[in-house]
Amino acid sequence: TFYCQKSEHEPELIAETTAAVPGNYGETITVDQVTNSSDMISQVQANGTFEGKITGEIKEVCTKKGCWMTMDLPNGESMRVTFKDYGFFLPTNSEGYPVVLEGIATFTETDVETLQHFAEDQGKSAEEVATITEPKREITFEATGVVIKPKA
């Protein structure tokens with residue numbers, strides 16, 4: 001589990017908050033052979049995992065460092081995306097941009113402590129954080145590469 005707290009071994013890799021959001025982050029990936037997110041959900045439900053590329057829109061991004069993002073899925077749920085080996089981050093001002101992700105999706109049970117930490121990263125109040133008392137079973141995605149496209 002990766003948090004946005006700096007460890008003494010972690011290089012200082014905070015993405016600049018500039019207008020230059022669109023671009024490739026992590027491994028260089030192409031935007032072809034993309035699976036729609038409905039098919040990705042079906043594969044995860046059937047096989048427990050999915051490997052490949054999906055597209056969506058950045059719903060939320062960690063406001064501290066850009067070390068995770070979420071996107072909405074067609075089943076009404078939200079999917080948390082983290083970045084392989086904590087090796088790259090997204091700009092903290094990238095909410096609302098269309099995105100192509102390459103990596104692996106899996107079913108994950110996220111523990112209460114981690115869920116509370118993510119809520120803190122989003123700037124939720126102590127009262128809101130305290131309401132999180134159950135682990136959450138959800139699809140999570142570990143991206144090896146991300147392309148943020150310009151907004152239409």
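Does F88 count as buried or exposed, and at what relative accessibility?

Author: F88 counts as buried, at 11% relative accessibility. Buried means under 20% relative accessible area, exposed over 50%, and partly exposed in between, with a 1.4 Å probe and protein chains only.

First, the ground rules. This is a predicted model, where local features need pLDDT of at least 70 and side-chain atom pairs count only at pLDDT 80 or more, while totals for chains, interfaces and linings use all residues. Residues are numbered from 1 along each chain as its sequence is written, and side-chain values use heavy atoms, with hydrogens and water left out.

Now the rings. A pair of aromatic rings is described by the distance of the centres and the angle of the planes. Rings of Phe, Tyr and Trp (its six-membered ring) pair if their centres lie within 6.5 Å; planes under 30 degrees apart are stacked, over 60 edge-to-face, the rest tilted. The whole structure holds three aromatic pairs. One of them joins W68 and F118: the centres are 5.6 Å apart and the planes meet at 65°, so this pair is edge-to-face. It links distant parts of the chain, with W68 in strand β4 and F118 in helix α2 (residues 112-121), 50 residues apart. Helices (H or I, at least four residues) and strands (E, at least two) are DSSP runs, numbered from the N terminus. W68 is buried at 1% relative accessible area. F118 is buried at 5%. F88 pairs with F83, and that pair is tilted: 4.9 Å centre to centre, with 45° between the planes. F83 is also buried, with a relative accessible area of 2%.

Charges meet rings too. The charged end of R80 sits over the ring of F118, 3.7 Å from its centre. R137 lies over the face of F107, at 4.8 Å from the ring centre. The criterion is NZ of Lys or CZ of Arg within 6 Å of the ring centre and within 35 degrees of the ring normal.

What else touches F88 and F83? V146 is in contact with both. Leaving aside neighbours within four places in sequence, the contacts of V146 also include Y25, I29, L90 and V100. Contact means heavy atoms within 4.5 Å.

With M40 and M69, V146 is among the residues with the most contacts inside the largest nonpolar core, which has 26 residues. Such a core is a set of buried Ala, Val, Leu, Ile, Met, Phe, Trp, Tyr and Cys residues joined through side-chain atoms within 4.5 Å. Two or more residues each come from α1 (37-47), β2 (49-57), β4 (68-72), β5 (78-83), β6 (98-110) and β7 (136-148). β7 gives the largest share, five residues. Apart from this core lies another, of six residues, among them C62, C67, W68 and F118.

Next, the chain as a whole. It has three helices and seven strands. Along the sequence the pattern is β-α-β-β-β-β-β-α-α-β. Buried residues make up 41% of the 152 residues. Of the contacts with a separation of 6 or more, 75% join residues 24 or more positions apart.

Last, a glycine in the loop between β5 and β6: G96. G96 is partly exposed, with a relative accessible area of 25%. Not counting residues up to four places away in sequence, G96 touches E57, I58 and K151.
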